[in-house]
Amino acid sequence: YYFSLMRSAIRLRAAMVPYIYSASRFAHESGVSIVRHLYVDYPAESEAYNCPGQLMFGEDLMVAPITVACNPDTGLAKMSIWLPPGDWIDFFTGHRYKGPQTLVRSYTLEEMPVFAKAGCIIPQNQLPDQMSKLTGISDRSSSAFRLLTFLPTRANERLETTWTDDDGDSASFSAEGRFVSNSASVVLSDDQGKVSITIAPQTGSFPGQPTERSFEIHLRGSWPAASVTVNGENLPYSPENAAQPSWCYDGRSLTLMLSLSALPVAAAVTVEVTLQRPDGCMTASAAGSEAAIDIVAAMGRAHCVQQMLNNKFPIALQEDYTAVLCASAAAQRMTVHPSTTPGEITIFPSLFAEACAQVAALNPVGGQSKCVAYLS
C-alpha cells in the first residue's frame, strides 16, 4: 500500500519535469520563486495572508500540503483550504470550484489537495510503465509530451501556455540563447460543445533538439468525444488507446485522452473536439451547483469502501451493499463504454446517496465507522 503511494508520487514528479523546468526559467528571469505564498499573487486578498500552509506552484497550480494528523478511527485528515478568486479545478478529479471560498473536506492518504486554474495547460512527460526507466527522464532526446488540459469556464476565451526546453546540460540557453519555446492554446466554442486546441510550431533551437514530437492531450473533467480531428484528419476511437493514433476515455478520472502521431516540430497542430454533450465542462453542467459532489472522488471512495466491506465477509454480505458495488464500478463502465457517460453522471449522485444509506444501515462490523466516514 505505502509502496504504491510512493511510486505514484515519484511518477508524478517525473511527469511534471517540463512544467517545473519552465517555471524554473521564469524564476531565473523574473526573480519570482516557483513556490511562493498566496499573498505574492493575491496581495489585495486578506485571506491570502491567513493560509501559510498553502502555496502557489508555478503560475497555474495551487497546493495545500496536508500537515495535520489523520483521524485514527477513519484514516481521514480534515483540511480547510482557501481558494483565491477565479475558477479552480481539482488537479486529480476535474471538479470545479468558484473562488474566493473556503473549502472544508477530508482527505485520505491517496488524495492530495492540488488545484489548477481553469483554462491552463500543464506540459508533462509521457512516462514509461517501468519505474526503472524513469532514470534519465529529463534526457532531451525525448520528444513525447503530455498536455494536461483544464477547460476554460467561459466560451471564446483563448488561454495559452508556454513552456521552454534546452539541452539540459550547459548554460548555452542563457549565454547563447540556445533554447526552444513551445506554446499551446485552448478555446471553448460558443455552445461549449466544441473544443479547439492549437499547438504552435516550435521556435528556437539547441544541440540535439528532436526534429519530431508526439503528444498526448488529456482533457480533465470532460465529456467523451463525439468526434476528433487532427489537422483536419479524423482521429479514431480505440479502447485504452490500444491502436495509435487514437482517442479513448478514462472513466476513473473523467478524462478524454487523445494520442497523436509524431509530427515535425516546425508544424502547427490543430485539434478539434466535438463533445458528446454541448453544455460545457462536465462537472459544471452535470453537477449543477458548487455544492454537488466531486464525482471522481466519490467513485474512488466507493471503491475503497467496497474493498473494506469485501474483507468483512461473511460478516458483511455483498447483497447488503449493492449500491456501493454499482457506484464503485461506474468508472469501469464509462471507460469501456464512453457513450454511457452522460447517463452514468446523471444517476451517480442518487446512486451514491443510496450507497451511503446502505453502509449506514449495515449491522455494526469492524471498520463500519471508517466506511461511513469515507462516504460522508
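Okay, so helix α1 covers residues 2-15, which is 14 residues. From its first C-alpha to its last it reaches 20 Å, close to the 20 Å expected at 1.5 Å a residue. This is a predicted model, by the way, so everything I say is about predicted coordinates.

Which residues of α1 are buried? They're R11, A14 and A15. Look down the helix axis and the buried residues fall within an arc of 95°, so they line one face of α1. What do they pack against? That would be α2, residues 17-30, and β7, residues 121-125. Now turn to the face pointing away from the buried side of α1, and there you find Y2 and M6, which are exposed.

A word on confidence. The protein chain averages a pLDDT of 85, with 86% of the residues scoring at least 70. The stretch to watch is residues 283-291, where the pLDDT is below 50. That stretch still has 18 contacts in the model beyond near neighbours in sequence.

Next up, strand β10, residues 180-188. Of its 9 residues, 7 are buried, so β10 is largely enclosed by the rest of the structure. Which strands does β10 pair with? With β9, residues 159-165, the pairing is antiparallel and runs over 7 bridges; if you want a place to start on screen, find D165 opposite V180. With β11, residues 194-199, there are 5 bridges, antiparallel again, and V187 stands opposite S196 there. Then there's β12, residues 203-204, joined to β10 by 2 bridges, also antiparallel. In that pairing S181 sits opposite T203.

In soluble globular proteins, nonpolar side chains tend to be buried together. Here the largest nonpolar core has 58 residues, and L258 and V271 touch the most other members. Helix α6, residues 295-310, gives the most to this core, with 9 residues. What surrounds L258? Leaving aside neighbours within four places in sequence, its contacts include F215, I217, V228, L235 and W247, along with V271 and V273.

While we're on α6, is Q306 buried or exposed? Q306 lies in that helix, and at 18% relative accessibility it counts as buried, since the cut-off is under 20%. Not counting residues up to four places away in sequence, Q306 touches V324, L325 and S328.

Most residues other than glycine have a negative phi, and most peptide bonds are trans. So where does this model depart from that? The peptide bond from G99 to P100 is cis, with omega near 5°, and P100 is in strand β5, residues 96-107. Then we have two positive phi values in residues other than glycine. N231 has phi near 50°, and it lies in the loop between β14 (225-230) and β15 (233-234). L254 also has phi near 50°, this time in the loop between β16 (246-250) and β17 (255-259). How do their surroundings compare? N231 is at 41% relative accessibility, so it counts as partly exposed, whereas L254 is at 0% and counts as buried.

Note on methods
Residues are numbered from 1 along each chain as its sequence is written. This is a predicted model: local features need pLDDT of at least 70, side-chain atom pairs count only at pLDDT 80 or more; totals for chains, interfaces and linings use all residues. Side-chain values use heavy atoms; hydrogens and water are left out. pLDDT is the predictor's confidence in each residue, from 0 to 100. Contact means heavy atoms within 4.5 Å. Helices (H or I, at least four residues) and strands (E, at least two) are DSSP runs, numbered from the N terminus. The expected span of a helix is 1.5 Å times one less than its number of residues. Buried means under 20% relative accessible area, exposed over 50%, partly exposed in between (1.4 Å probe, protein chains only). The arc is that of the directions from the helix axis to the C-beta atoms. Two strands pair if DSSP finds at least two bridges between them. A nonpolar core is a set of buried Ala, Val, Leu, Ile, Met, Phe, Trp, Tyr and Cys residues joined through side-chain atoms within 4.5 Å.
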